[in-house]
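Here's a quick walk through a few spots in one model. Have the viewer open as you read.

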Amino acid sequence: MRKQDGNYIGGPIGVIHVIRQCKSLKQLHQVHAHMATAGILWSLHHHSSLLLTNILAAFTNLLPTTNASPASLTVTAYYALSLFNLIPNPSTFAYNTMIRAHTLLSSPLPALAIFVRMRRLSLPPDAHTFPFCLKACSLLPALPLAQTLHSQAFKFGFGADLFVCNTLIHAYSVNKHLHHACQVFDETSLKDVVSYNALIDGFVKVGNTGRARQLFDEMPVRDAVSWGTLLAGYAQSRDMDLCMEAIQLFNNMLVSAVRPDNIALVSALSACAQLGELEQGKSIHVYIKQNRIPINAFLTTGLVDLYAKCGCIETARGIFESSQDKNLLTWNALLVGLGMHGRGHLSLHYFSRMIEEAGIKPDGVSFLGILVGCSHAGLVSEARQIFQEMEVVYGVPRELKHYGCMADLLGRAGLIREAMEMIERMPMSMRGDVYVWGGVLGGCRIHGNVEMAEIAAEKLMILKPEDDGVYSIMADIYANAGRWEDVARIRRLMNSRQVKKNPATSLVQLNY
């Protein structure tokens, strides 16, 4: 932006070219600061609206590349609003840009306030206005707002616009109003892959994977998002049959020569982890390596989870240690894996590293992994300390699963009385829990505490009368104590309540 004979080379077009060349918000701020201090905005004041609008547009285009804290995002939003307020008579494009900027900053209410301001000035919206507003609406979510924007889109003649229809399908899906989403989808004469993906995602979110698969099969063209969305639905269902379907779908994806994205890869890894399909999981890992796919925190978490759940905890540790990109989920995957393998001391070591070295705040899953590890390793005093510090030091509320784990740990250690005292201190809404009393009963079985076992069994029979396991455990406890009359009584009680033994199941993987 050099001066020549009192004018800037290239005039406003040259300045706009410089603005559009910025690769980061820092560069854009430097260009804007130079324009202000060098008097460029003043010397080109007839074009100030055009220049400021271009700065705002460049700013918005660079927003997806930022990784800022909430405080920084607030400052960023204020900068955008300050720019916008400097524009004399902002155009529809400028308003659209501001709506989009606030949406990208996860500030839906300010985005919609800009739309209201635009309409009060009777400035006509265009085909881009409604998709940006509907995306903001999807962040809330708010069905009445979506319906209002839908009617406004019809009023201004954009009801049949494909971009508008796709964002409407997404907005209704987010609000779990699939009937409205399907209606928009069916009434759209021109459907593209985004239309199908938006509706498939909606059905996946409400757990209707059958309808999602039907839509998937109807698609004339599928992209990586189509495959990944359905894969995620199958994997997240926690249903073994659907997990098997996920693995088959992933293999079909590779045969179709569609390069899987991270969502598809992690979903396939999750399905393998749930089924214990180690060899299939290894083949996915090999695919990632062979195709030089960058292993980010998302993929690292999936790989650690896979190997930990399939018994290869040292491999899981190796992947964890070699990764440069870890988040809370990655640490949790390792902590839970170590807990499952009874590596209590090691889980405590990694827990300390997570807090002290990585500076990551633990959540409920982190503490569950630690408590499970301590339970299997018999680390009673360490578990007591962790359980105490959860709320006091880290501000993480205790949940039923944490109490259940502590009851199991104390029961295994023979500290039945302490477990009962912990139950007495629990919030009233949590005291009636199967896992908590199950932990006490399990401890009573190990240590032959008949008196406490009877109390725990009575609670469990009320909570889950159809569970044959309680009756079997009590029969064993009475038998070990030589109380044969009570054994016969328990069996009669089981018969009178028509409690049937659930057949045991096992899963064997065959190489075929």
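Let's start with A94, which sits in helix α6; helices here are DSSP runs (H or I, at least four residues), numbered from the N terminus. This is a predicted model, so local features need pLDDT of at least 70 and side-chain atom pairs count only at pLDDT 80 or more, while totals for chains, interfaces and linings use all residues. Residues are numbered from 1 along each chain as its sequence is written, and side-chain values use heavy atoms, with hydrogens and water left out.

A94 has 0% relative accessibility, so it counts as buried (buried is under 20% relative accessible area, exposed over 50%, partly exposed in between, with a 1.4 Å probe and protein chains only). Setting aside residues up to four places away in sequence, A94 touches T53, L56, F84 and I87, where contact means heavy atoms within 4.5 Å. One of these, F84, is ten residues from A94 in sequence, with 7.5 Å from C-alpha to C-alpha.

H102 belongs to α6 too, which covers residues 92-104. H102 is buried, at 6% relative accessible area. Its contacts, leaving aside neighbours within four places in sequence, are A77, S107, P108, P110, A111 and I114.

## How α20 packs

Two packed helices are described by the angle between their axes and the distance between the axes. For α20 (residues 328-340) and α21 (residues 344-356), the axes come within 9 Å and cross at roughly 165°. Axes are lines fitted to C-alpha atoms, for helices over the stretch in contact, and angles run from 0 to 180 degrees between N-to-C directions. That's why α20 and α21 are roughly antiparallel (over 145 degrees is roughly antiparallel, under 35 roughly parallel, 65 to 115 roughly perpendicular, and the rest oblique). On the α20 side the contact uses L328, W331, L334, L335 and L338, and on the α21 side L346, S347, Y350, F351, R353 and M354. These split into nine nonpolar, one polar and one charged; Ala, Val, Leu, Ile, Met, Phe, Trp, Tyr, Cys and Pro count as nonpolar, Asp, Glu, Lys and Arg as charged, and the others, Gly among them, as polar.

Now for α18 (residues 297-309): its axis and that of α20 come within 8 Å and cross at roughly 5°. That makes α18 roughly parallel to α20. A297, T300, T301, V304, D305, A308 and K309 of α18 meet L329, T330, A333, L334, G337 and M340 of α20. The tally for this contact is seven nonpolar, four polar and two charged.

## T330 up close

T330 lies in α20 and is buried, with a relative accessible area of 0%. Not counting residues up to four places away in sequence, T330 touches A297, T300, T301 and F320. The T330 side chain also makes a polar contact with the side chain of N327 at 2.9 Å (a pair of N or O atoms within 3.5 Å; within protein, one must be able to donate a hydrogen and the other to accept it, and residues adjacent in sequence count only if both atoms are side-chain atoms).

Which peptide bond is cis? The one from L140 to P141, with omega near -25°. P141 lies in the loop between α8 (129-139) and α9 (143-155).

N89 isn't a glycine, but has a positive phi of about 50°. It lies in the loop between α5 (70-86) and α6, and is exposed at 73% relative accessible area. R238, also not a glycine, has a positive phi of about 65°. R238 is in the loop between α14 (224-236) and α15 (240-255) and is exposed at 53%.

Note on methods:
Helices (H or I, at least four residues) and strands (E, at least two) are DSSP runs, numbered from the N terminus.
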